[in-house]
Amino acid sequence: MAVPVVRHGLRMRKFFNIKNQDVAQWFPGHMAKGLNQMQRKLKSVDCIIEVHDARIPVSGRNSLFEKRLGLSSLKPHILILNKIDLADLRHRNKIESYYESQGVKNIIFANCKKPDSRGIKSIIPTVSELVQNAERFNRSEEKEYQMMVIGIPNVGKSSLINALRAKHTRKSKATQVGGLPGITRSVLERIKVCHHPKVYLLDTPGVLSPRIPDVETGLKLALVATIKDHLVGEDIMADYLLYRLNSQGNHSYVSYLGIDEPTDTIQQLLVSAAIKNNWMVKIRDHRGIQTVPNIMLSATKFIKGFRTGQFGTLLLDDTPLMLEKERNN
């Protein structure tokens, strides 16, 4: 039997007890239409830019991209690990080694909110070098380059496009940015993102794999907002987040929520936070109208704290252990 982790005199869970959950119901419809659109555009593309959330460097990647779009084998391919301002990158070298073992050689860590950051600056030169050294087939006479940006929902594809435009054309935003998955719903008209060389980019809808392999992967996807919260449930998401923070000895949620001490019980955390912050709601029961703690609001605030970096930089994948496990499979 595993011995629970002890923090601040409290016995913390060493493993997350995943109850029976049907992850199939979390998937927001089959996204084959978007993937089919991407395939039809491949002939007009010189390079594929895959954007990924650096907080889930392995578990959130859609394996269908490789199977359907032939990443690296058909077209030059760059993997952008975005949102590094929110990710704990102490295992950066192991992440790079893992992807190199999977045949992904061109990896750029980036913060797409900062057009002048090193990662954003390196994208166009990397694209130019890769395209110049690749067989362009039917596009060999073209003097311009065309890229396609792909990724699962809400990883920052639109932010990347806007950052490249801001850096290389000094133009305003070209595509809508949203905090919820599913903002980009179809392949858009091409967008110029650089003058010298002339580089155009096709935006695409976020596409999840139609099969989420397990509940824990689904919870990670939900926490980084690639699946809409209500499909999973804010309460189970909050419970998983509490487990991840406690397992890393990170109790910054205590001051953020204004509660008295760390806890390993999600119900205690949500009720305490609601009472401390006066997050109350009125309900009607057999006794009439009652004012009770709004635990769903507490869960939403707790999750928002993670997404906005209030608990520091974090990884949801268990690197390097998870990376080694993935490599051996």
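A: A residue is called buried here if its relative accessible area is under 20%. The model is predicted, and the part examined is helix 8, residues 234–247. By that cut-off, 12 of the 14 residues of helix 8 are buried, so this helix is largely enclosed by the rest of the structure. The buried residues are Glu-234, Ile-236, Met-237, Ala-238, Asp-239, Tyr-240, Leu-241, Leu-242, Tyr-243, Arg-244, Leu-245 and Asn-246. From its first C-alpha to its last, helix 8 reaches 20 Å, close to the 20 Å expected at 1.5 Å a residue. Just after helix 8, Gly-249 adopts a positive phi of about 65°.

For context, the model also contains an open sheet of 6 strands with mixed pairing, in the order 5-4-3-6-8-7. Strand 5 (107–109) and strand 7 (191–194) are its edge strands, each pairing on one side only. From one strand to the next, the twist averages 30°. Within this sheet, strand 3 (residues 47–53) pairs with strand 6 (residues 145–150) in the parallel sense over 4 bridges, and Ile-49 stands opposite Val-149 of strand 6. Helix 5 (residues 157–168) packs on the sheet, where it touches strand 3, strand 4, strand 6, strand 7 and strand 8, and its direction makes about 55° with that of strand 7. Helix 4 (residues 118–132) lies across strands including strand 4 (77–82) and strand 8 (199–202), and runs at about 170° to strand 4.

Technical notes
Residues numbered from 1 in each chain as written. Predicted model: local features only at pLDDT ≥ 70, side-chain atom pairs only at ≥ 80, totals over all residues. Heavy atoms only, no water. Pairing = 2+ DSSP bridges. Helix = DSSP H or I, 4+ residues; strand = E, 2+ residues; numbered from the N terminus. Axes fitted to C-alpha atoms, helices over the stretch in contact; angles between N-to-C directions. Contact = heavy atoms within 4.5 Å. Expected span 1.5 Å × (residues − 1). Buried < 20%, exposed > 50% of the residue type's maximum accessible area, 1.4 Å probe, protein only.
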